[in-house]
Amino acid sequence: MAKQLLGKEVTAALNERIKGDVEKLKAKGVIPMLGIVRVGERPDDLSYERGAVKRCETLGVSYEKFLLPENVSQDELMETIRTVNKREDIHGVLIFRPLPGHLDEKEVIRALDPEKDVDGITDGSMVGVFTSTAQGFPPCTPQACMEILDHYGIDCTGKKAVVIGRSLVVGKPAAMMLLKKNATVTICHTRTKDMPSVVKEADIVIVAAGRAGVVDDTYLSPGQIVIDVGINVNEEGKLCGDVDYEKAEPVVEAITPVPGGVGSVTTSVLIGHVVEAAMRKCK
């Protein structure tokens, strides 16, 4: 039976660290604040927003919402971005995406100050990830993967790591973060030939394929650590990952469940970025 890498244990440790940093900031008269920019009322945006707000309240972080109608003009949205950039009391900004089709999302992202980009969406943040510098912030999901590896004492040095997926949201930044941890990294994608044989050779597997249950026991080998980033809804209406858990669990050494794995850590990473942004400003 594989060990479950539970997100709640990682989140608890992260939250204690964040609370300590918040207390240090408050001692200096600084209250970290998250600015939330939301256009329209997509159900998944509302769900994530509720989680972020609740985590802010739990950890002593302030927040302010900038709520815009779905038919907002590009000029009005850009003015909101300029506002949150200028506000000295707002340390981090979360912009919900995708934006409605009539808006130029790339222009919005380019306009956001990378120093406040706590969700890792700007080019400046990507530069920070790829150059291992403290510019902007890495995307929250791949950092949540790294937090899980760190919490459970999984040393990546010299290990073979495979990342399934090459998006800028998870795959590519996760690969860069594993490189920083001295792993030897391979990125697999839809054009990879004989992917199961490539994945079988890995010590650590991060799966961000975007398809429910695509990775099963034919991809996996004993002793592997598997981090499942996927969040899907199966035919029974239940949440599931990109890994077929029932087939993978008897084979591998350790695995994150879905739900209860990476997703539960991501919100704390986001709020941690807000606090870190405030601390950087205080230096």
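Begin by selecting Thr-256, and then show the residues that Thr-256 touches beyond four places away in sequence, which are Leu-5, Ile-148, Val-226, Ile-227, Asp-228, Tyr-245, Gly-261 and Val-262; contact here means heavy atoms within 4.5 Å. The model on your screen is predicted, so local features need pLDDT of at least 70 and side-chain atom pairs count only at pLDDT 80 or more, while totals for chains, interfaces and linings use all residues. Residues are numbered from 1 along each chain as its sequence is written, and side-chain values use heavy atoms, with hydrogens and water left out.

**Stop 1: around Thr-256**

Thr-256 lies in the loop between β11 (254-255) and α10 (262-282); helices (H or I, at least four residues) and strands (E, at least two) are DSSP runs, numbered from the N terminus. Is Thr-256 buried or exposed? Thr-256 is buried, with a relative accessible area of 1%, where buried means under 20% relative accessible area, exposed over 50%, and partly exposed in between, for a 1.4 Å probe and protein chains only. Now show the side chain of Thr-256, which reaches the backbone nitrogen of Asp-228 at 2.8 Å. Pro-259 is also in the loop between β11 and α10, and the peptide bond that joins Val-258 and Pro-259 is cis, with omega about 0°.

**Stop 2: the sheet of six strands**

Next, colour the 6 strands that form an open sheet in the order β1-β11-β8-β7-β5-β6, with parallel pairing; two strands pair if DSSP finds at least two bridges between them. At the edges stand β1 (3-4) and β6 (184-188), and each has a single partner strand, so one side of each is left without a neighbour in the sheet. Follow strand β5 (residues 160-164), which pairs with β6 in the parallel sense over 5 bridges, and find Lys-160 opposite Thr-184 in β6. Helix α6 (residues 140-151) packs on the sheet, where α6 touches β7 (204-207) and β8 (225-228), and the direction of α6 makes about 145° with that of β8; axes are lines fitted to C-alpha atoms, for helices over the stretch in contact, and angles run from 0 to 180 degrees between N-to-C directions.

In a regular strand the side chains alternate between the two faces of the sheet. To look at β7, select Ile-204 and Ile-206, which point one way, and then Val-205 and Val-207, which point the other way, and note that all are buried. On the β5 side, β5 and β7 pair in the parallel sense over 4 bridges, and the bridge partner of Val-163 in β7 is Ile-206. There are also 4 bridges between β7 and β8, again in the parallel sense, and Val-207 has Asp-228 as its bridge partner in β8.

**Stop 3: helices against α10**

Two packed helices are described by the angle between their axes and the distance between the axes. Select α6 and α10, whose axes come within 8 Å and cross at roughly 105°. That makes α6 roughly perpendicular to α10, because angles of 65 to 115 degrees count as roughly perpendicular, under 35 as roughly parallel, over 145 as roughly antiparallel and the rest as oblique. Among the residues that meet here are Cys-145 and Ile-148 in α6, and Val-262 and His-273 in α10.

Residues making the contact include Tyr-48 and Arg-55 of α2, and Ser-264 and Ile-271 of α10.

**Stop 4: the sheet of three strands**

Which order do the strands of the other open sheet follow? Its 3 strands run in the order β3-β2-β4, and the pairing is parallel. The edges are held by β3 (62-68) and β4, each with a single partner strand, so one side of each is left without a neighbour in the sheet. Strand β2 (residues 33-39) and β4 run parallel and are joined by 4 bridges, and Gly-35 has Val-93 as its bridge partner in β4. Helix α2 packs on the sheet, touching β2, β3 and β4, and the direction of α2 makes about 160° with that of β3.

**Stop 5**

Finish with the loop between β4 (92-95) and α4 (105-111), where you will find Leu-103, which is buried, with a relative accessible area of 8%. Pro-98 is in the loop between β4 and α4 too, and the peptide bond from Arg-97 to Pro-98 is cis, with omega near 0°. In the loop between β6 and α8 (195-200), select Asp-194, which is exposed, with a relative accessible area of 52%, and which has a positive phi of about 50° although it is not a glycine. Asn-182, in the loop between α7 (171-180) and β6, has a positive phi of about 70° and is likewise not a glycine.

Conventions:
A polar contact is a pair of N or O atoms within 3.5 Å; within protein, one must be able to donate a hydrogen and the other to accept it, and residues adjacent in sequence count only if both atoms are side-chain atoms.
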